[in-house]
Amino acid sequence: MRYTYKDIEKFLEFKTWTNKDKIDKLLEIDCSLYAHLGTDSTKAEKEEVKRKSIEIYRIIKTLDKQLGDELLYSEDLKQ
């Protein structure tokens with residue numbers, strides 16, 4: 001099944017998924033968000049994707065603190 005940003009809360013509750021499975025799916029969703037931006041995307045659309053991406057990294061931090069911290073740190077370096 002293909003999950004989207006809206007499905008995150010749903011699959012985080014899956015008991016059969018490991019934290020690694022959840023992190024993999026979160027990173028896949030994050031990648032998809034950026035992949036759907038184009039040269040014609042507005043500044044607001046780009047900022048919305050960045051906001052969602054940071055939220056995904058915060059969720060990852062609850063599953064794997066070190067990885068989440070590293071992702072959030074790398075996001076800070078972009079600014």
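Rings of Phe, Tyr and Trp, the last taken by its six-membered ring, are said to pair if their centres lie within 6.5 Å. In this predicted model, ring pairs link Tyr3, Phe11, Phe14 and Trp17 into a cluster, and the count of aromatic pairs by this rule comes to five. The points below take up the rings, a lysine in contact with some of them, and the nonpolar core.

**Aromatic rings**
- Phe11 and Trp17 form a tilted pair, with 5.3 Å from centre to centre and 35° between the planes.
- Phe11 counts as buried because its relative accessibility is 0%, which is under 20%, whereas Trp17, at 22%, counts as partly exposed.
- Elsewhere, Lys52 lies over the face of Tyr5, at 4.9 Å from the ring centre.

**Lys25**
- Lys25 has its place in helix α2, which covers residues 19–35, and is buried, with a relative accessible area of 14%.
- Apart from its neighbours within four places in sequence, Lys25 is in contact with Met1, Tyr3, Phe11 and Trp17.

**Nonpolar core**
- The largest nonpolar core has 15 residues, of which Ile8, Phe11, Leu26, Ile29, Ile56, Tyr57 and Ile60 touch the most other members.
- At least two residues of this core come from each of α1 (8–12), α2, α3 (43–63) and α4 (65–78), and α3 gives the most, with six residues.
- Ile29, again leaving aside neighbours within four places in sequence, is in contact with Tyr3, Thr4, Tyr5, Ile8, Phe11 and Ile56.

Note on methods. Residues numbered from 1 in each chain as written. Predicted model: local features only at pLDDT ≥ 70, side-chain atom pairs only at ≥ 80, totals over all residues. Heavy atoms only, no water. Helix = DSSP H or I, 4+ residues; strand = E, 2+ residues; numbered from the N terminus. Buried < 20%, exposed > 50% of the residue type's maximum accessible area, 1.4 Å probe, protein only. Contact = heavy atoms within 4.5 Å. Phe/Tyr/Trp six-rings, centres within 6.5 Å; stacked < 30°, edge-to-face > 60°. Lys NZ or Arg CZ within 6 Å of the ring centre and 35° of its normal. Core = buried A, V, L, I, M, F, W, Y, C linked by side-chain atoms within 4.5 Å.
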